[in-house]
Amino acid sequence: MPEYDPVRPPVALTVAGSDSGGGAGIQADLSAMTAHGVFGTAVVTATTAQNTRGVEDVHPVPADHVASQYAAVADDFDVAAIKTGMLATAEIVETVTGAVADARVPLVVDPVMVAATGDRLLSPAAEEAYEDLIAAATLVTPNADEAEVLTDEPVETPADAERAGRELVALGADAALVKGGHLADDDGATGETVVDTLVRAGGKEGAIEVDRFESPRIDTDATHGSGCALSSAVAARLARGEPLRGAVEKAVGEMSEAVRRGYDVGGGPGAVNPTMLGGE
Ligand SMILES: Cc1ncc(COP(=O)(O)O)c(N)n1
């Protein structure tokens, strides 16, 4: 790996929505990237009028302006990894898929559909448009609900998560991390442990490799921004040149601390603290 130069750090790009409440979206992504010593550039896909209690209003950015933001960044910076978050509409999903098609850098796709507060962040018509973006992904990071929508099958246990991960890899993603925050155990109970399942293509002779990462379940509803921070952490590590499996394992491991030390700001459930991420 090249020696780290703080004046010329690796550059990553987030393509995501703005959370006026600061806990998720672009705001969480840039904090997570900075915590990794990675310079964050940002293409804003939508602004949300949002706080810890919910999403009041969503204003998608016109797709041609999403494309011009992307071109401005791609023309000037040596972007080493890209992550996508909230893409809001089918047109924006398609525009971003077209824009990243020849980027030739790792692409982490967090298929944001619904906020932790239950508010929709993606038009239902856009769910199908995600297939082509997933096919281009180095890693796709759905939670159980998003994995259900993307694979059309229930995702309730780690075994289901593995099946969904295999299906996302069959769609063309190099790897899928199906997050286990909302899953029961294999035997149906909600246990002390959260199991995140990583399915990767490209083992020997095309074999699929499966890893299960276990973390202690933290009893809190202050998980706002956790998906954004995790996918940005993986993108930042990939921008630093780390291999995928290790990047995911470290990012998943560090998320416990980001949740445990979450911010208690605003009247609703608080947000994770992305500055806890980015260790060696
Ligand atoms: C702009 C934006 N992007 C993503 C999320 C998802 O985050 P969460 O599921 O934690 O609410 C969000 N609420 N707002």
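Trainee: How many bridges join strand β1 (residues 11-19) to β4, and how do these strands run?

Mentor: Two strands pair if DSSP finds at least two bridges between them; strands (E, at least two residues) and helices (H or I, at least four) are DSSP runs, numbered from the N terminus. Here five bridges join β1 to β4, and the two run parallel. T14 stands opposite K83 of β4. Please note that this is a predicted model, in which local features need pLDDT of at least 70, side-chain atom pairs count only at pLDDT 80 or more, and totals for chains, interfaces and linings use all residues. Residues are numbered from 1 along each chain as its sequence is written, and side-chain values use heavy atoms, with hydrogens and water left out.

Trainee: Which residue of β5 is the bridge partner of K83?

Mentor: The partner is V108. β4 and β5 (residues 107-109) run parallel, joined by three bridges.

Trainee: Why is β4 largely enclosed by the rest of the structure?

Mentor: Buried means under 20% relative accessible area, exposed over 50%, and partly exposed in between (1.4 Å probe, protein chains only). Five of the six residues of β4 (residues 79-84) are buried, so the strand is largely enclosed.

Trainee: Which residues touch the most other members of the largest nonpolar core?

Mentor: A nonpolar core is a set of buried Ala, Val, Leu, Ile, Met, Phe, Trp, Tyr and Cys residues joined through side-chain atoms within 4.5 Å. In the largest, of 42 residues, they are L13, I82, L87 and Y130. Helix α3 gives the most to this core, with six residues.
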